[in-house]
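Reader: Please take a close look at one part of this model and the residues around it. Say where its side chains sit and what they touch, and keep it plain.

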Amino acid sequence: MRITLITTGKTTFDYIKEGMAIYEKRIGRYLSFTRTEVPALQSTSSMSPEEIKRREGELILKKVKPEDRVIILDEKGRRFTSTGWAGHLGHLMDTGTKSLVFIIGGAYGFSDKVRERADEALSLSDMTFSHQIIRLFFEEQLYRAMTIIKGEPYHNE
């Protein structure tokens, strides 16, 4: 399975970049993983949140292929325990999903078109996190899921 994480804007904090580099290397032992950053919009002070979401959505959707299974990371999405998430991911792998694309939106969330394209929505918490820190949280949970699937000693219950 090939997994792509699409994010909006650059990661600006070094500690997040360092953490992501660690988890991306670890994830790479299990599957093909790519992170793609959609450039942040410029001169947004005169734009409404809806216009920002629409424009970001257009950039995001250019990165998605018709055959991709798309999961948006959204606070209103489906919630899992870590083992439940591993089971769901394992099911997707077992049923032949070849390309799985996760999308983290910008500060205002997703456009209607991105939501319509999504096959499902995933929430990592009831809390709201910045679109930068959630990148690291997601990559850690993806790595954790892979170790659970492989029966490796990382996750403790």
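Author: R79 lies in strand β3, which covers residues 69-79. The model is predicted, and everything below should be read with that in mind. R79 counts as partly exposed because its relative accessibility is 45%, and the limits for that class are 20% and 50%. Leaving out residues up to four places away in sequence, R79 touches S123, S125 and D126. As for R115, the two residues are 36 positions apart along the chain, and the C-alpha atoms of R79 and R115 are separated by 17 Å.

T4 is in strand β1, residues 2-8. At 14% relative accessibility, T4 falls under the 20% limit and is therefore buried. Apart from neighbours within four places in sequence, T4 is in contact with T34, T36, L100, V101 and F102.

Next come the helices. Helix α3 spans residues 82-94 and helix α5 spans residues 133-149. Their axes come within 8 Å and cross at roughly 75°. That angle lies between 65 and 115 degrees, so α3 is roughly perpendicular to α5. On the α3 side, the contact is made by S82, T83, W85, A86, L89, G90 and M93. On the α5 side, the residues are F138, Q141, L142, R144, A145, M146, I148 and I149. Sorted by class, this contact has 10 nonpolar, 4 polar and 1 charged residues.

Helix α5 also holds T147. T147 is buried, because its relative accessible area is 1%. Not counting residues up to four places away in sequence, T147 touches Y30, E152, Y154 and H155.

Two of those partners, Y30 and Y154, bring in the aromatic rings. The model has 8 aromatic pairs. One of them joins F129 and F137, with 5.0 Å from centre to centre and 90° between the planes, an edge-to-face arrangement. F129 is partly exposed, with a relative accessibility of 33%. F137 is likewise partly exposed, and its relative accessible area is 33%.

Y143 and Y154 form another pair: their ring centres are 4.8 Å apart and their planes stand at 75°. Planes over 60 degrees apart count as edge-to-face, so this pair is edge-to-face. Y143 is in helix α5 and Y154 is in the segment after α5, 11 residues apart, and the pair links distant parts of the chain. Y143 is buried, at 6% relative accessible area, whereas Y154 is partly exposed, at 25%.

This pair belongs to a wider group. Ring pairs link Y23, Y30, Y143 and Y154 into a cluster. Y30 and Y154 of that cluster are the tyrosines that T147 touches.

R79, by comparison, is partly exposed, and its contacts are S123, S125 and D126 once residues up to four places away are set aside.

Definitions and conventions. Residues numbered from 1 in each chain as written. Predicted model: local features only at pLDDT ≥ 70, side-chain atom pairs only at ≥ 80, totals over all residues. Heavy atoms only, no water. Axes fitted to C-alpha atoms, helices over the stretch in contact; angles between N-to-C directions. Helix = DSSP H or I, 4+ residues; strand = E, 2+ residues; numbered from the N terminus. Parallel < 35°, antiparallel > 145°, perpendicular 65-115°, else oblique. Contact = heavy atoms within 4.5 Å. Nonpolar A, V, L, I, M, F, W, Y, C, P; charged D, E, K, R; others polar. Phe/Tyr/Trp six-rings, centres within 6.5 Å; stacked < 30°, edge-to-face > 60°. Buried < 20%, exposed > 50% of the residue type's maximum accessible area, 1.4 Å probe, protein only.
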